[in-house]
Amino acid sequence: MGPSVSLNALKAFESAARHLSFTVAADELSVTPAAISHQVKSLEDRLGVRLFRRTSRGLVITDEGLALVPTLSETFARLGRLLEQFEHGHRREVLTVSVVGTFAMGWLLPRLQAFEARHPMVDLRLLTNNNRVDVAGESLDFAIRFGDGAWHGLQAERLLDAPLSPLCSPAMAAPLRTPADLKDLPLLRSYRPQDWPAWFEAAGCAPVPLRGPVFDASTLMAQAAIDGHGVALVPPRMFAREIESGRLVQPFPIAVSTGAYWLTMLKSRPVTPAMSAFRRWLLAEGPGA
């Protein structure tokens with residue numbers, strides 16, 4: 001087929017196939033319906049097949065047309081994504097990072113503008129996770145996770161510690177005098193069953209029965225605490241704004257460390273300039289956060 005097939009003809013056909021309308025395709029491509037019809041006809045002549053049939057209900061795409069659509073649509077989509085990376089004569093480099101929601105809300109987002117100002121050519125794509133993420137399967141450059149740093153096949157660099165402490169609404173905190181008083185309240189739980197027992201041990205108390213709901217995200221658990229559903233065991237430094245506003249209270253200064261936030265990547269992943277820039281920025285910002 002080669003260069004004798006017009007790119008405009010391919011684009012006209014792909015748009016018409018998506019919309020099953022020459023008129024809508026014409027609006028999308030800023031040409032006339034007659035121009036779309038002419039381009040499609042030239043492509044049909046070049047291929048020697050019919051791509052559409054005109055019926056009383058409108059356009060119907062033929063089997064030959066259906067065979068072309070997936071490859072053309074994906075090709076144009078990939079081309080569009082590539083062209084989006086160029087701005088003012090420079091190529092913007094895409095960086096895809098999956099971030100545990102607590103870190104994203106409590107640490108990263110308030111500082112993100114500083115990174116973007118320093119590295120305007122990095123096109124940062126943020127995804128959130130609940131600490132369960134497939135770095136290879138999701139084609140991620142980085143994943144920021146909470147834990148002990150030991151994940152198979154991944155290189156992990158410690159970003160910052162985030163000790164856990166009980167947080168609750170002011171009304172729920174009012175009657176609390178000692179850590180043992182928590183036994184009378186719903187204790188909101190994460191998927192890590194060891195957290196509350198570890199905190200009670202650090203507080204010098206015997207563990208109490210846990211009877212609150214279980215959450216897969218600390219941000220959701222903290223919101224439940226704000227709404228008065230119980231006491232959340234979360235990192236206070238990740239909820240500084242909620243504490244400063246008075247929506248959450250830390251009734252006891254006792255905190256226990258059960259992990260840290262880590263920057264992880266595949267050991268086999270080649271490091272790009274955008275990855276290097278993001279890593280340097282994170283490691284420089286993290287310790288003093």
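Is F13 buried or exposed? F13 is buried, with a relative accessible area of 0%. Buried means under 20% relative accessible area, exposed over 50%, and partly exposed in between (1.4 Å probe, protein chains only).

This is a predicted model: local features need pLDDT of at least 70, side-chain atom pairs count only at pLDDT 80 or more, and totals for chains, interfaces and linings use all residues. Residues are numbered from 1 along each chain as its sequence is written, and side-chain values use heavy atoms, leaving out hydrogens and water.

**Stop 1: the domains.** Colour domain 1 (7–87), domain 2 (90–159 + 260–285) and domain 3 (165–245). Their bounds come from an automatic or database domain assignment. The centres of domain 1 and domain 2, taken over C-alpha atoms, are 39 Å apart.

**Stop 2: F13 and its partner.** Select F13 and F52. Rings of Phe, Tyr and Trp (its six-membered ring) pair if their centres lie within 6.5 Å; planes under 30 degrees apart count as stacked, over 60 as edge-to-face and the rest as tilted. By this rule there are 14 aromatic pairs. The ring centres of F13 and F52 are 5.5 Å apart and the planes stand at 55°, so this pair is tilted. F13 lies in helix 1 and F52 in strand 1, so the pair ties together parts 39 residues apart in sequence. Helices (H or I, at least four residues) and strands (E, at least two) are DSSP runs, numbered from the N terminus. F52 is buried too, at 1% relative accessibility.

**Stop 3: helix 2.** Select residues 22–29. The buried residues here are F22, A25 and A26. They cover an arc of only 105° around the axis, which puts them on the same side of helix 2. The arc is that of the directions from the helix axis to the C-beta atoms. Just after helix 2, S30 has a positive phi of about 60°.

**Stop 4: the largest core.** A nonpolar core is a set of buried Ala, Val, Leu, Ile, Met, Phe, Trp, Tyr and Cys residues joined through side-chain atoms within 4.5 Å. The largest has 39 residues; L95, F103, I144 and F278 have the most contacts inside it. Helix 5 (residues 101–118) gives the most, with 6 residues. Domain 2 and domain 3 both give residues to this core, so it lies between them. Apart from it lies another core of 20 residues, including F13 and A25.

**Stop 5: the ring cluster.** Finish with F103, W107, F115, F142, F146, Y261, F278 and W281, which ring pairs link into a cluster.
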